[in-house]
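Subject: A structure to look through

Dear colleague,

Here is the structure I promised to hand over, and below it you will find what turned up when I went through it. Please keep the view open while you read.

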Amino acid sequence: MMLVPTALLAACQPDEAPGAVENAADTTQPPAPPEVPEPVAGEAEAVEEKTDAYEFAYSWPAPAGAIAPLAERLAQERNKQRAELKQEAEDWQKQAAQEGFNAPPYAFSKEWEVVTDLPRFLSLSAGIYTYSGGAHGMSYSDALVWDRQAAAAIKPVDMFLSEGSLDRAVQTRFCAELDRQRAKKRGAPVKRSDDSFSDCIAPVANSTVILGSASGQGFDRVGFLVPPYNAGPYAEGSYEVTLAVDAALIDAVKPEYQRFFTPGG
């Protein structure tokens with residue numbers, strides 16, 4: 001076998017322009033973002049427990065159960081809430097026995113539901129009821145958006161530039177719809193006053209923000225779940241104000257999320 005001298009091989013190669021290696025590196029494409037995981041079948045979860053001291057319930061739907069880290073997150077919250085309720089209820093019963101009064105069972109329930117399920121995001125809301133003594137229990141809400149690509153939970157309001165930005169984008173429409181619902185419940189038009197039950201309240205500070213979709217293509221609805229006392233007396237219950245996404249609202253969204261919001265009809 002004949003060996004070709006290295007120098008001769010080098011001489012046979014075409015001339016390379018100075019910096020060709022460096023320039024070739026410059027054309028390298030940036031790494032593609034991680035793909036959104038394919039959806040898998042999941043199971044709904046529901047736990048109920050009743051004792052003389054407390055009543056506990058916690059549940060989530062199948063789409064949440066299909067996302068292992070999300071299901072684990074919810075399970076951890078469930079276990080924490082149950083342990084806290086049990087301890088507080090037992091302390092309450094001991095106090096009642098010592099002081100000789102009747103102590104009704106404490107209560108906690110939280111039911112997660114799907115608001116919308118988009119290819120990348122699963123939007124959930126939860127209705128919560130608690131009772132820890134007194135004349136009546138309290139109802140309020142919770143919400144989260146699960147980002148499948150990032151494998152992380154996001155508070156819907158954190159997808160906006162700030163609470164103030166979201167408030168300014170929706171304030172006029174929010175108050176008009178809230179007053180329409182107030183008037184329907186009260187049987188008379190709302191007269192503006194400094195009373196919070198008749199005032200044009202700040203949307204974000206007085207509600208839980210949820211994100212929905214009518215089209216299934218992107219977030220085109222924003223909802224505000226207002227608990228009792230924040231917009232009216234306890235007897236009026238809660239309010240739910242739903243607004244279509246418009247250009248002003250999209251401007252209030254953080255740049256990295258804007259492409260996932262579309263104007264609603």
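Before the findings, one definition: helices (H or I, at least four residues) and strands (E, at least two) are DSSP runs, numbered from the N terminus. This is a predicted model, in which local features need pLDDT of at least 70 and side-chain atom pairs count only at pLDDT 80 or more, while totals for chains, interfaces and linings use all residues. Residues are numbered from 1 along each chain as its sequence is written, and side-chain values use heavy atoms, with hydrogens and water left out.

The whole chain

By that definition the chain has six helices and nine strands. Of its 265 residues, 38% are buried, where buried means under 20% relative accessible area, exposed means over 50%, and partly exposed lies in between (1.4 Å probe, protein chains only). If we take contact to mean heavy atoms within 4.5 Å, then among contacts between residues at least 6 apart in sequence, 54% join residues at least 24 apart.

Helix α4

Helix α4 covers residues 68–99, and its 32 residues should span 46 Å at 1.5 Å a residue, which agrees with the 46 Å between its end C-alpha atoms; the expected span is 1.5 Å times one less than the number of residues. Which residues of α4 are buried? They are L70, A71, L74, A75, R78, L85, A89, W92 and A96. An α-helix has 3.6 residues a turn, so residues three or four places apart point the same way. The buried residues of α4 pack against β1 (45–50), β2 (54–60), α3 (62–65), β3 (106–117), β4 (121–131) and β5.

R82 also lies in α4, but R82 counts as partly exposed because its relative accessibility is 26%. Leaving aside neighbours within four places in sequence, R82 is in contact with V47, E49 and F56. The C-alpha atoms of R82 and A107, which are 25 residues apart along the chain, are separated by 9.8 Å. After α4 comes G100, whose phi is positive, near 75°.

The nonpolar cores

A nonpolar core is a set of buried Ala, Val, Leu, Ile, Met, Phe, Trp, Tyr and Cys residues joined through side-chain atoms within 4.5 Å. The largest one has 33 residues, and those with the most contacts inside it are M159, F160, L166, F174, F224, L249 and F261. Two or more residues of this core come from each of α5 (163–186), β7 (208–212), β8, β9 and α6 (247–251), and α5 gives the most, with six residues. There is also a second, separate core of 26 residues, which includes A53, Y54, Y58 and L122. In soluble globular proteins, nonpolar side chains tend to be buried together.

V209 lies in strand β7 and counts as buried because its relative accessibility is 6%. Not counting residues up to four places away in sequence, V209 touches A143, P156, L166, V204, V222, G223 and F224. The C-alpha atoms of V209 and G223 are separated by 5.7 Å, although the two residues are 14 apart along the chain.

The second largest pocket

On a 1 Å grid over the protein atoms alone, a pocket is an open set of points, where a 1.4 Å probe fits, with protein on both sides within 12 Å along at least five of seven lines, and lining residues have an atom within 4 Å of a point. The second largest pocket is lined by S125, S139, Y140, S141, I210, L225, V226, P227, P228, S238, Y239 and E240. Which strand gives the largest share of this lining? It is β5, with three residues, and β5 (138–147), β8 (221–226) and β9 (239–244) each supply at least two.

Two residues with positive phi

Most residues other than glycine have a negative phi, and most peptide bonds are trans. A151, in the loop between β5 and β6 (152–154), has a positive phi near 55°, and A151 is partly exposed, with a relative accessible area of 47%. Y229, in the loop between β8 and β9, has a positive phi of about 85° although it is not a glycine, and Y229 is partly exposed as well, with a relative accessible area of 38%.

With best wishes
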